[in-house]
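User: Could you show me how to read salt bridges in a protein model?

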Amino acid sequence: ASSARLMVPNSRPLLHFGFQVLRSCLSSAAMSPVASTGTFRQVLPLNYRSGTRVEPADGRDKEEAYEPATGRVIATFTCSGEKEVDLAIQNAKTAFKIWSQKSGMERSRILLEAARIIRERKEEIAAMESINNGKSIFEARVDIDISWQCLEYYAGLAGSLAGQHVQLPGGSFGYTRREPLGVCVGIGAWNYPFQIACWKAGPALACGNAMVYKPSPFTPITVVLLAEIFTEAGVPTGLFNVVQGGAATGEFLCRHPDVAKVSFTGSVPTGSKIMEMAAKGIKPVTLELGGKSPLIIFSDCVLENAVNGAMMGNFLTQGEVCCNATRVFVQREILDKFTEEVVKRTKKIKIGDPLLEDTRMGPLINKPHLEKVLGFIQKGKEQGMKVLCGGEAYIPGDSKLKNGFYMSPCVLGNCKDDMTCVKEEIFGPVMSILPFDTEEEVLERANNTIYGLAGGVFTRDIQRAHRVVAALQAGMCFINNYNISPVELPFGGYKRSGFGRENGEAAIEYYSQLKTVCVEMGDVESVF
Ligand SMILES: NC(=O)c1ccc[n+]([C@@H]2O[C@H](COP(=O)([O-])OP(=O)(O)OC[C@H]3O[C@@H](n4cnc5c(N)ncnc54)[C@H](O)[C@@H]3O)[C@@H](O)[C@H]2O)c1
Ligand SMILES: C[N+](C)(C)CCCC=O
């Protein structure tokens, strides 16, 4: 068990779908945080191999991880070198031999146990996620709920993974076996550290693979808890390993000859490099990349729902969400009313200490990122955009937060499709509002982007809703809602937002391979 474990308060009933969980968190009575901001310090090693935390066997560069709420360093660690990466992969290979021989039901039981432990330790994990990432505690709880739901879901599928039996002439037959790939590498982004790891580990382990996981160096803390939980749940030693580090460590992983697959979540430029490295070894990749998603709001919508959808589509996790609907197209008849309401609601967002129950927006991940986001807004102003609210660095009243990386959420008006803020992924709390007149026009404009991760529509016209999502060039579409995450539904992008899918039955395809067996029941005929 982790000695970094924090106190776990009374648990509460849990609901099983992302949105309902979010609702329950929003409406539930305040629960006191398990740690207070400004006190956490990570002292244990952050690599995980041979079923325990270890210091890396080699590595040169040191990294520091921050608590964005205060700007404090909470962990210093060495980035894993080539030797450490190899040790983790060799461990995974050994564990794979045992794990891949287990039946689906055996794997299922262990994944269910891991899900149960995550549920039990939800408050502790959520608090650490909030401390290291900056997202509000109530959002972090939703992330942890989605994480255990993901493991439960794949535990449910593990027992029914199967091939096909095909009858051939003369009593001969063929069958297919669904087999694991081997050692899979997971590389994650910093915005959903624990959840991204579960979205990869859940299907990978259910299919019988082993995994070596590298989180973002900005958020190294919580994935090690996941590794400890898998061990406690009963996976073979070395099945799920963690190596810490940045680009160099990631490259050692991607280039390693014993790695069967790379599943990557991160930016488009890094995704392109990953694909190139994987191509050298003919390794399959899953790429979950960035986005600049459109949300189309027709004048016949339920305005309050559309406003809620736009808020959820822009301001979760300080706007640092890949599938955010940062281009909000609003039909001209309701533009003023919609804008007025969104601005009113945005101004009311409570910014501050992420561990406080009533905080709805915490700090951004780090200072350079905050400066980058503010730079986008400055550029927007220079290009003629109107800042309707927010868009400034923010210093909360509490003196311990004065060095944190806060900004006020921003709504931009007077936007044009060719402006930088409308074209590029900002990855911060910045919503651009764009008027439109017709369905045909808005679809053309919505699809005019290199990205294709997500998209949404608000309308009461059911035919139009389905017509619009069918025309959207995006992998994840929402009708009359936005940014909900049922783990039963596949998630992934079109165009440069990547390929492959996480969640849902679809993910099984990306962590397994089919073997065909042809069985002869008669004699062998030869043409020679
Ligand atoms: N589609 C999705 O599901 C999804 C989810 C979350 C975030 N994202 C995207 O991630 C981006 C933000 O995350 P980020 O800033 O951490 O992205 P990033 O690409 O900078 O880093 C992602 C991960 O890749 C590693 N990495 C960097 N260079 C590497 C290299 N050369 N070889 C191997 N690994 C390397 C990083 O250390 C990190 O762990 C945004 O674009 C966002 O949209 C996508
Ligand atoms: C859980 N969300 C909100 C759908 C985000 C998925 C991961 C993207 O960054």
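User: Is Arg116 buried or exposed, or something in between?

Analyst: Buried means under 20% relative accessible area, exposed means over 50%, and partly exposed is in between (1.4 Å probe, protein chains only). Arg116 comes out at 31%, so it's partly exposed. Keep in mind that this is a predicted model: local features need pLDDT of at least 70, side-chain atom pairs count only at pLDDT 80 or more, and totals for chains, interfaces and linings use all residues. Residues are numbered from 1 along each chain as written, chains are lettered from A and ligands numbered from 1 in written order, and side-chain values use heavy atoms, leaving out hydrogens and water.

User: Which residue does Arg116 form a salt bridge with?

Analyst: Side chains of opposite charge can pair when their charged atoms come close. Here a salt bridge is a side-chain nitrogen of Lys or Arg within 4 Å of a carboxyl oxygen of Asp or Glu. Arg116 pairs with Glu120, with 2.8 Å between the closest N and O atoms. Both sit in helix 3 (residues 104–120), 4 residues apart, about one turn of the helix. (Helices are DSSP runs of H or I, at least four residues; strands are E runs of at least two; both are numbered from the N terminus.)

User: How many salt bridges are there by this rule?

Analyst: The count is 27. One of them joins Glu84 and Arg49, at 2.8 Å from N to O. Glu84 lies in helix 2 (residues 82–99) and Arg49 in strand 1 (residues 47–49), so this pair ties together parts 35 residues apart in sequence. Glu84 is buried at 0%, and Arg49 is buried at 12%.
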